[in-house]
Amino acid sequence: MTYRSYYIGGLRIDGTNIYGRNGPEFPEIIINTELDLSPYESSEDTLGASGDEREQFPYTVTDLTGELRLKTEPSSRSQTRSLCGLQSDFNPRHVDRQREYTPKLTGRLTPHHVSELEKHRRSENLHLQVSCALTLYFEHPPSESERFGRVQEDIDVTIPRSHWIDKVYPDLGGREVFVIEIPKGNQSIEAAWAKIEDAKEAYQNWNKEGASIACRGAADAIDRAMKEHLDEESCMYKERWYRAFEGVKSQASLAGHLGRIRDKATCERPEELRVGQADLECLIIRTQSLLKYAEALLRERKE
């Protein structure tokens, strides 16, 4: 942070010190910060007892406010979108020497904001920007026109994927996320990858049928690609590929046709048949694994 081109301090934010609370009705994001401040020094040297030195001007910080922004392009500092204002618990502080503080910033989000953050994250780290402003009051200002001053700083913040999933997103009211690392490979079957992203979005919105239909669509797109490149009578297709494909296809049909399956069920207590969170998590993971498996088989076929 600089005032009249002179450095007076800095604000630091660690993404693992950010938390959520009060979700899903009134979600709030809590940002714990570290603030270092020093008195403002004149740019002109004055003659003191120990020789030339710069005159210091203590000040009082009367206000600390901010704004939370979503970085729409992680590598750019300017491509951001405003999410909410930030209020602090920082009471007025007099800065007459170097001091350290730990203010807390709080922002009120909406359920739409929470869904937007998770959708934008797309299974990766979450990139945000915190814009903070300090209001300074000089009891003995450098000049009468500078009794009040204002400094601002934009801080880029990355919330690690695991911290967002475990410590932030659930407390903002988001659904529990089942974490599993499945490398995306070369994504050669683009239509299927797009369907999987649709399934993940439907799951976050708790659209059980939509998630299942998207997974079934992904599985069918993969199967069409396999038929284009493999002989349907070959052992690679019939014994290796189709066994895996059939299991995902069967599970995906459960949510899409739950009522009909329940009516025709021959098992005991069919009225208890349902599709829950664990079913959808399993289906999405199986579908993504199936796609990775199909791409591996196609590479093997070309070798």
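Reader: What makes Arg21 and Glu28 a salt bridge?
Author: A salt bridge is a side-chain nitrogen of Lys or Arg within 4 Å of a carboxyl oxygen of Asp or Glu. The side chains of Arg21 and Glu28 meet at 2.7 Å, N to O. That is within 4 Å, so the pair is called a salt bridge. The model is predicted: local features need pLDDT of at least 70, side-chain atom pairs count only at pLDDT 80 or more, and totals for chains, interfaces and linings use all residues. Residues are numbered from 1 along each chain as its sequence is written, and side-chain values use heavy atoms, with hydrogens and water left out.

Reader: Why is Glu28 called buried?
Author: Buried means under 20% relative accessible area, exposed over 50%, and partly exposed in between (1.4 Å probe, protein chains only). Glu28 has 9%, so Glu28 is buried. Arg21 has 35%, so Arg21 is partly exposed.

Reader: How do you know that Glu146 forms a salt bridge with Arg4?
Author: Their closest N and O atoms are 3.1 Å apart. Glu146 sits in the loop between β12 (126-137) and β13 (148-159), and Arg4 in the loop between β1 (2-3) and β2 (6-7). They are 142 residues apart. Strands are DSSP runs of E, at least two residues, numbered from the N terminus.

Reader: What makes Arg4 exposed or buried?
Author: Its relative accessible area is 54%, so Arg4 is exposed. Glu146, at 10%, is buried.

Technical notes
Helices (H or I, at least four residues) and strands (E, at least two) are DSSP runs, numbered from the N terminus.
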